[in-house]
Amino acid sequence: MTGLSAHDLSFSYGKRQVLGGAGFDPLKPGQLTALIGPNAAGKSTLFRLIAGLLRPASGAVHLNGTDLGTLSSRARLRRVCFMPQFFAANAALTVFDVVMMAHKQLRGWRVSEDDMQAVGRALHKYGIGHLAEAYVSELSGGQSQMVSVAQALVRQSDVYLFDEPTSALDLRHQLEVLHQIKTVVAERGAIGMVALHDLNLAARFADHLILIGGGEVLAQGHPNEVLRSPAISSTYGVDVEITTGPREDLLVHAYPS
């Protein structure tokens, strides 16, 4: 079966269950899926289970028919690229260094001239060329987030997982980063998932939505279907109205219940 899917995933931190029987239908290559839901809904935990950083109490994740749980850590890392919510890197390294490390991951550490040029092109392509010689310790929260996105996109993977990649960015950079992610996923025929809090950004950039709440997947499908689902209002605890903008894009209006 082609695509990325999950079935009956359960996970607990101690006695606190975070996911209980969560799953989603196969996600298609070349499409971007937005994972939406309120705080503490289980979005980050779901990503960590897909990436293999956590082991589920039950259930499995399949990629093109392969149970990812049967792969070695190295093989899984090659196929699934995960960008966590918080950027972590050695503060003594430059932006060029950390992106180079991501580029060379699983390829051996001998750096060639081609590697140098590839990283240089990536920095400019993803809008951080001016930060190449800056140290990680000097970066703002938004700059760190853009570097983390570049670290992910410089890798060649089958699946890309981005956990709230726009949370520290201003509006212009939110649009740029999501456009970059969507473009790369489409060009590479990869499977992309991005956790977002902003439903309007999800509606604008995602081909597919997954709504998670209370540790379960409550709705999945085309943005027009999911955003109009009664589950949106009940999950977020607000009244939601969907309209269509001048460019035929969906606009989400939320009001206190």
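At what angle do helix α5 and helix α6 pack, and how far apart are their axes? Select residues 141-153 for α5 and 171-188 for α6: the angle is about 5 degrees and the axes lie 11 Å apart. Before going on, note that this is a predicted model, in which local features need pLDDT of at least 70, side-chain atom pairs count only at pLDDT 80 or more, and totals for chains, interfaces and linings use all residues. Residues are numbered from 1 along each chain as its sequence is written, and side-chain values use heavy atoms, with hydrogens and water left out.

**Stop 1: α5 and α6**

Helices here are DSSP runs (H or I, at least four residues), strands are E runs of at least two, and both are numbered from the N terminus. Axes are lines fitted to C-alpha atoms, for helices over the stretch in contact, with angles from 0 to 180 degrees between N-to-C directions. α5 and α6 are therefore roughly parallel (under 35 degrees; over 145 is roughly antiparallel, 65 to 115 roughly perpendicular, the rest oblique). Show Met146, Val149 and Leu153 of α5 against His173, Val177, Gln180, Ile181, Val184 and Arg188 of α6, which make the contact (heavy atoms within 4.5 Å).

**Stop 2: α3 against α5**

Val95, Val98, Val99 and Ala102 of α3 meet Val147, Ala150 and Gln151 of α5. By class, this contact has six nonpolar residues, one polar and no charged (Ala, Val, Leu, Ile, Met, Phe, Trp, Tyr, Cys and Pro are nonpolar; Asp, Glu, Lys and Arg charged; the others, Gly among them, polar).

**Stop 3: α3 against α4**

Now select α4, residues 113-125, whose axis is 10 Å from that of α3 at an angle of about 115 degrees. The pair is therefore roughly perpendicular. On the α3 side, pick Val95, Phe96, Val99, Met100, His103 and Lys104; on the α4 side, Asp115, Met116, Ala118, Val119, Gly120 and Leu123. These residues divide into eight nonpolar, two polar and two charged.

**Stop 4: the lining of the largest pocket**

The lining has 26 nonpolar, eleven polar and six charged residues.
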